[in-house]
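Colleague: Before we discuss the details, could you put the sequence and the model up so that we can go through them together?

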Amino acid sequence: MLYGRERERAELATLVERARAGRAGVLVVLGEPGVGKSALMHDLVLAQRAVPDADALRVLRTTGVESESPMPFAALHRLLRPVVDYERLPVPQARALRLAFGLEDGPPVEPFLVGMATLSVLTDAAEGGTLLCVIDDAQWLDSASTDALLFAARQLDADPVAMVFAARSTAGDADFSPQGLSVLELGGLEEGAARQLLDQRSPDVLQDEVVDRLVRDSGGNPLALLELPTTLSPAQLYGAAPMPQRVTLTAGLERAFVDRCRRLSDDVQTLLLVAAADDTGRVDIVRGAASRLGAQLGAWEDAERAGLLTVTGDAVAVRHPLVRSAVYQAATSLACRRAHLALSDALRDDDPDRATWHAAAAAEGPDEGLAEALYQVGGRAEQRGGYVAAAAAFERAAALTVDGPARAVRLFAAARNAWACGQAVRARALSASARQLAGDGLLRADIDRLRARIEVNVGSASDAHRIFVQAARAAMDLDPSRALEMAVAAALTRAYGGDSGATLADGTETRLLTAASADLPRTRCLQLLLGALSASAAGDWSEAAATLDRAVQAGRQVEDLDVLGNLGNTALSLGDDEAAHFFYATMVSSARESGAGMGVIYGLERLAFAQLLAGRWAVLRSSVDEALTLARGVGQPTLTAAPLAWLTLLAALAGTDDYDHHLGQLDAVVAAHSLGILTDPVHDLMRWAKGTRATAEGDSVAALHHLGAMRLPVLQRMAAVDRIGAAARAGDPVLARAWVDELAPFATATHRPWALAAVDLGRALCADPAPAAELYEKALGHYRHAVRPYDQARTHLLYGEFLRRTNRRVDARNHLRSALETFTDLGAQPLAARAAQELRASGETARKRDASTLLRLTPMETKIAQLVSTGLSNKDVAAQCWVSPRTVAFHLRNVFAKVGVSSRGELAQLGLS
């Protein structure tokens, strides 16, 4: 019976009722050990099972097991096993789930695909009625299960699914981190309920002062209310002797359990230790291991009677996690090793991987045979996408290895997997240790590449550049292909603000750039990229652009995601808008098809640049919203910085009220996390947003301050119209001319129409009235060959303002009208208002014009509308949007209502794709 908890029970009931109505709900119940989380979960399940059949829902349950962390996807498998139907899943998801559960072999699985498969299984199971998922002791879920379940929980939307996680509020080093999910903090019982519990469990009436003291010292913790009295003597219980000093709750409970265990026979203590060390929960395994240590069958009855062990069918469990930790910590190290060795023997035929882990826990020193076996366990975990478990296996294998080179290989494997699961600090330390031991030059090159990638993403970009350059030099004679990859990475790192000053020797770069007839398209493409980036660094813009053109042609035959990203990054840095959009979009599409979620995030964050410049702002908003959702879905706050920066800039451009909200979130992320290579781009986007906002508010001095602080040359060129215009408005023509003169050589050498237009526009802003008109016309002529509608519209606006001021009001109207139309279509309200005001001042009343259809849709609705317009089914759209088919249907109904259509065919005719 559950005492009290009326508020918590009501909140859980509301969650379930919401799911019955078709709106998913997720709740995380957090509380200290023994506070009653499991009891609350049990009560929830009982309450739902008591509902009449017509309204009943299906219940799925799983529980985290502390010693199960080396077993990837173990908890997820227990949860999904009753409902999973692989035939109903999209083929890539079905394959990923089979690989994750060890049902088939194949190349390493993408964790994103397992998360999507989990979502698909849950929402498919809910097609026949509401589904309730209860996950207890979530702090001890294996990390792979945690990632998949939290991803699914964050993506649920218009689905009849309720998910409840229960976890310790202080879980130490546990990986369970429910950011972004609703949390219910479970405290102690209220005094009345606490007294009821004591009265119900105590055969005799306790003295009031004793009850008061127990309630106060326990803080209403139910387990403490039941167990602390067992530590008191009869005289203390009934008020004849003074109570002891208050003890720490958890320590007091553990001490009570240890004392109770020590009063039992040696056989029972042995059985309890084996059960505490076990991670299968199977009676046959625990019985077999305990019998190997001499425990007799009678010990089982004694342990159950003592309330320390529970047996249900073929499942056995220690009564409470605190019992487990108390028993294990109270045992000697020798006794623990014997228990693990016995479990290893019991599991050897049934589950070799678990057997190996127990053998490793029993090892007293280096053991090459065991190290190799554990290395193989790590390889299987890595293949299944269980990167946390793989890292642990590889690291333990390294600890059991004496040979230095072999240890280096295993440490590197541990570092690689630690990085794959987002443990950057651990990955950095492991790779550094591996580097010290590595004797093989190619292994050192691979280690250095990993070290540099860690720095690129979450460390120092200049350190990454230095490591890439040094590694490229070292690998040149051993593997020119690897050397070339790292040289390109170094060059791109330098292009985006990470210049350490290190350089390749002239001979090394020449050798890397020398083509051979046997070179694959991938190699030739990388050579051309290195040539383009080297020419760019030297300021030879003509050569850089020409070489990039050849790299773009070669790159159309390449499918490698890294190379596609490099092509997009190089094209962006050299102002080739079309190529940047093509390669980023191709990268996103390829990554989406393979389920490479991190690749999708990477590509979307950079595709946003091309979408901004091309005036595809509604699509841009959808892209960055997806990137933000995915970054939060995998619990990576660092990856939210770029999407938040984009949302801040979009809010500034559109003049919307959410600017301060996005900027505040961005400031918090930037203050708390290192952004690596994205440090300068994110800060420059912030400066661009602040400058845009200040311009809209008429603060030309602040606008110039923010825009003038932009650091990256590539972003300075993108924002050239903003920067030059800010300098002109702030009354600083000298600075405006200087910025025009900086851009002019790039424009002249590359022949980029947008750059030539920006140069002529800048000169017009700084010129006397007589030559200004011709310069404006030249700028507009160049923009007719560029796809930068926002910059083109601003040129129309500035030219129109100039013509009106010089009393050519009739000529001004065409330009102002064109500007107004573009600003309205884009949703750039500050400049639309300014253009409308100028048009009225010219003597023409601005006609009200409907905004673009896409502006009325949310980012998710935009994405779904575009995909449905291409003919995809709801199921296919769901797989691309990382949501359920039911959620797609929900948003699609909203799209139909907003755009005024009633069928997918009519939607396709709107040209949204």
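Colleague: Which helices do the buried residues of α19 pack against?

Modeller: This is a predicted model, in which local features need pLDDT of at least 70 and side-chain atom pairs count only at pLDDT 80 or more, while totals for chains, interfaces and linings use all residues. Residues are numbered from 1 along each chain as its sequence is written, and side-chain values use heavy atoms, with hydrogens and water left out. Helices (H or I, at least four residues) and strands (E, at least two) are DSSP runs numbered from the N terminus, buried means under 20% relative accessible area with a 1.4 Å probe and protein chains only, and contact means heavy atoms within 4.5 Å. The buried residues of α19, among them Tyr387 and Phe394, pack against α5 (111-125), α6 (143-155), α17 (352-362), α18 (368-383), α20 (404-420) and α21 (424-437).

Colleague: Why is β3 described as largely enclosed by the rest of the structure?

Modeller: Leu131, Cys133 and Ile135 point one way from β3, whereas Leu132, Val134 and Asp136 point the other way, and all are buried. In a regular strand the side chains alternate between the two faces of the sheet. β3 is therefore largely enclosed, the buried count being six of the six residues.

Colleague: What is the hand of the crossover from β3 through α6 to β4?

Modeller: The hand is called right if, with the strands pointing away from the viewer, the path from the first strand over the helix to the second runs clockwise. For the β-α-β path through α6, the crossover is right-handed.

Colleague: With which side chain does the side chain of His796 make a polar contact?

Modeller: His796 lies in helix α41 (residues 789-805) and is buried, with a relative accessible area of 14%. A polar contact is a pair of N or O atoms within 3.5 Å; within protein, one must be able to donate a hydrogen and the other to accept it, and residues adjacent in sequence count only if both atoms are side-chain atoms. At 2.9 Å, the partner is the side chain of His815.

Key
Buried < 20%, exposed > 50% of the residue type's maximum accessible area, 1.4 Å probe, protein only.
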